[in-house]
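Please keep the model open while reading.

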Amino acid sequence: MTDAYDFAHIEAKWQRVWEEKRAFEAVEDPSKPKFYCLEMYPYPSGRIHMGHVRNYSIGDVIARQKTMAGASVLHPIGWDALGMPAENAAIKHGTHPRTWTLDNVAHMRVQLKRMGFSYDWSREVNTCLPDYYRWNQWIFLRMFEKGLAFRKESWVNWCSQCRTVLANEQVVGGGCWRCDTPVAQKKMEQWFLKITAYADELLTGHAQLGKWPEHVLQMQKNWIGRSTGAHVRFGLDGTEKTIEVFTTRLDTICGATFLVVSAEHPIVPDLVAGPREKELGAWVVRTVAEMRKRRDIGETEKDGVDTGKKAVNPFTGELVPVWIANYVLMDYGTGAIMAVPAHDARDFEFARSYGIPIRTVIVPEDKAGGSFDAEPAEVFEDVGILVNSGPFSGLPSEKAMDEMGKYAEEKGIGRRSTVFRLRDWGISRQRYWGTPIPIIYCATCGIVGVPDRDLPVELPFDVKLTGEEGSPLERHESFVKTTCPKCHGPARRETDTMDTFVDSSWYFFRYCSPKDEDLPFRPEAAKAWLPVDLYIGGVEHAILHLIYARFFTKVLRDFGLAGISEPFPHYLAQGMVTKDGSAMSKSKGNIVDPDDILKNYGADTLRLFILFASPPDREFAWAEEGLEGCYRFLLRVWTIVHENIDLFAAAPSTAPATAGARAVPASAGDAASRVVKKTHQTIRKVTEDIGVRFHLNTAISSIMELYNLVKKERDGLRETPAGRTALCLALESIVRLLSPFTPHLTEELWEKTGHPGLLMRSAWPVYDPELAREEMATVIVQINGKLRDKFEAMPDLPEPELEAAALALPKIRAALGGKPPRKVISVKNKLVNIVS
């Protein structure tokens, strides 16, 4: 008689066993290949949501399979526990951020354990505890000593709701990335990290990230914004002052008919001085205020004023008018541009609006022989042949840019250069619940770093959180007042705390040796485990967290602590979980509580469902009926193993699976041969889908197909010795292959079928290549109808997988240049045509 599938009892039992046996604790073992599997750690908001469940289920399947395949696996977890939401929640609920955070951590830890995730809890980190954030301070001080951490006054993005500064990356559509409150501008003394010192390496390092999604790399490239060109100085007529511009199109400089400077440029007082000073000054004040409200120039109607001043074009000697306009920002380049309206659409629009002359200096190669004195009717932005450019006329653009760059350097009027859009990272935050910046201000000694012996600078517990502007630490007298470590005179502490992205920029190092008290991490442990072999998280972190983590890794390398330059050579961006057509959120009322699913179906069903319904990198639409289907499948597996449990008593474990294959002679019946062959094909497919392609949904589908065949042939297989051997092999393989997906049920079946030890510590099944061989299909890959590549694919591969395989080919990725295709048309087993 088949035992009932009591998932609640089974799951509690095996979670207890795993904890008692410390089954998931990572061990450095040089005799084994290492595998560091990491999902982005959660913010302890109070409850896990389906996004967490999906992210962590993906990682858990891969970590478990790698363990069974013989790797030494590190699969840690921790808490991104500092930040503004905890402080706001404390104010709202009248509690302390530490109490609120640690209570949430305790509840979410229980939830994660109920999911059966194979985390090494002995390595748990919590960024709100002093034993973690002391190392934020230690790293900051090393940066301060090297000039990589510095203080300056600057305009900052200010969120009035969160009452804190935001990095540029945290301003989305003019609003705060957390609460959508419109962001204002405020001038403040701020601490910065010199990420620009690594700008070029952050770009060149992309060559080591071949397993990142192309669109994520492109997002980072756009944000870093490397531009090669030249800096050129225009003299301000009648003065000794100059206005420096940066241009990527030096070949167009003879067509510069005006200069435009930002209303925030330091030369503006010189430009407005004179008879019109009152009029121009009022315009500047008004424009600056508007610009600080809205930093995205693309959203603003272009407005400008002619100052009446002239500048000297250093290439032509021509006097050109100097304008001040709202579409040039001080944040980018030099805060001034040379405007070439014939060859720049933005300048063309502005010149037409204000009646400024437009001069052609670049023409297509096939039109180079004509006359170009008349103003053009439309802008021409491509490269071509120079005209109206003095001695450089007749040169193609590429050669002209080189020759003109040399000329600028020889004459001392400019230089060839490279600039970046990336700006230094402002980390100062005016809030309590963050890492205190370890700096002391002394009237005698100036800015002094806190000595290492005095770390950590701890957050005082007895603070009053009122929600008033400014940091609560400013009003905590015993925290602020201190002694200078150099002269021992009276001094005051810095009261700003660090951006919480500092915490997550190196936490993956700390997991390697989380108890170390002498350094942030033990270099030998980091060498043993890093880089992270697979990093899993949402694409919303493509710019913020991933760039910062790459920056910190390079800094720690240069400090001699790390031996790597890139922390995450393989990044898997999982798709979001949606319901009713939109992302799950409390505000939309479409949240599904994982605890409800655990109560009604169990963790294994939830894990299987959330992995089966969609590829990991695609959006996952929640549908309750799919949950029912997964539960019924597990019930069928439970039943068929119990109905044939006698086979396991008669035949001990057949691992590796090749042993079972050899036990089925060639003369065995067709059913036995079919089942054995299908078993080996399934082992191969699941092994590659988990360990190579990360197509977890198709791995599950393959296991279901094997189950269906076994169910169909079961009665006949039981009639012969060879059939019984084939049936036992297939059932045991199903249990093994399902183990990473549904670990509780499969551990229970492993025990009930008489196997010693834990299933998770047994060997992953091995397929016989000959038995697993399938006739492959040759698939042609075209771009816009032109043959570009071809590849071998499994027969009848589903179209999404066929298209994904084609788009992943190196030749195809190179040909698309990072741009997504407009359309993909596929013909099963034959063709993929990409429309670009």
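Arginine 142 sits over the face of tryptophan 138, 4.9 Å from the ring centre. A charge counts as over a ring if NZ of Lys or CZ of Arg is within 6 Å of the ring centre and within 35 degrees of the ring normal. This is a predicted model: local features need pLDDT of at least 70, side-chain atom pairs count only at pLDDT 80 or more, and totals for chains, interfaces and linings use all residues. Residues are numbered from 1 along each chain as its sequence is written, and side-chain values use heavy atoms, with hydrogens and water left out.

**Charge over a ring**
- Lysine 152 lies over the face of phenylalanine 192, at 4.9 Å from the ring centre.

**Aromatic pairs**
- Rings of Phe, Tyr and Trp (its six-membered ring) pair if their centres lie within 6.5 Å; planes under 30 degrees apart are stacked, over 60 edge-to-face, and the rest tilted.
- The count by this rule is 42 aromatic pairs.
- Tyrosine 5 and tryptophan 638 make a tilted pair, with 5.4 Å centre to centre and 35° between the planes.
- Tyrosine 5 lies in the segment before helix H1 (7-20) and tryptophan 638 in helix H18 (residues 624-643), so this pair ties together parts 633 residues apart in sequence.
- Helices (H or I, at least four residues) and strands (E, at least two) are DSSP runs, numbered from the N terminus.
- Both tyrosine 5 and tryptophan 638 are buried.
- Tryptophan 323 and tyrosine 354 pair edge-to-face, with 4.9 Å between centres and 65° between the planes.
- Tryptophan 323 is in strand E14 (residues 319-325) and tyrosine 354 in helix H10 (residues 345-354), so the pair ties together parts 31 residues apart in sequence.
- Ring pairs also link a cluster of Tyr41, Tyr507, Phe508, Phe509, Tyr511, Phe521, Tyr535 and Phe568.

**Burial**
- Buried means under 20% relative accessible area, exposed over 50%, and partly exposed in between (1.4 Å probe, protein chains only).
- Tryptophan 323 has 7% relative accessibility, so it counts as buried.
- Tyrosine 354 has 31%, so it counts as partly exposed.
- Helix H17 (residues 603-612) is mostly covered, with nine of its 10 residues buried.
- The buried residues of H17 include Asp604, Arg607 and Phe609.

**Strand pairing**
- Two strands pair if DSSP finds at least two bridges between them.
- Strands E10 (residues 226-236) and E13 (residues 304-312) pair antiparallel over two bridges.
- Leucine 236 has alanine 311 in E13 as its bridge partner.
- E13 and E14 run antiparallel, joined by six bridges.
- Aspartate 306 has tryptophan 323 in E14 as its bridge partner.
- The E13 and E14 hairpin has six residues between the strands, and glycine 317 there takes a positive phi near 75°.
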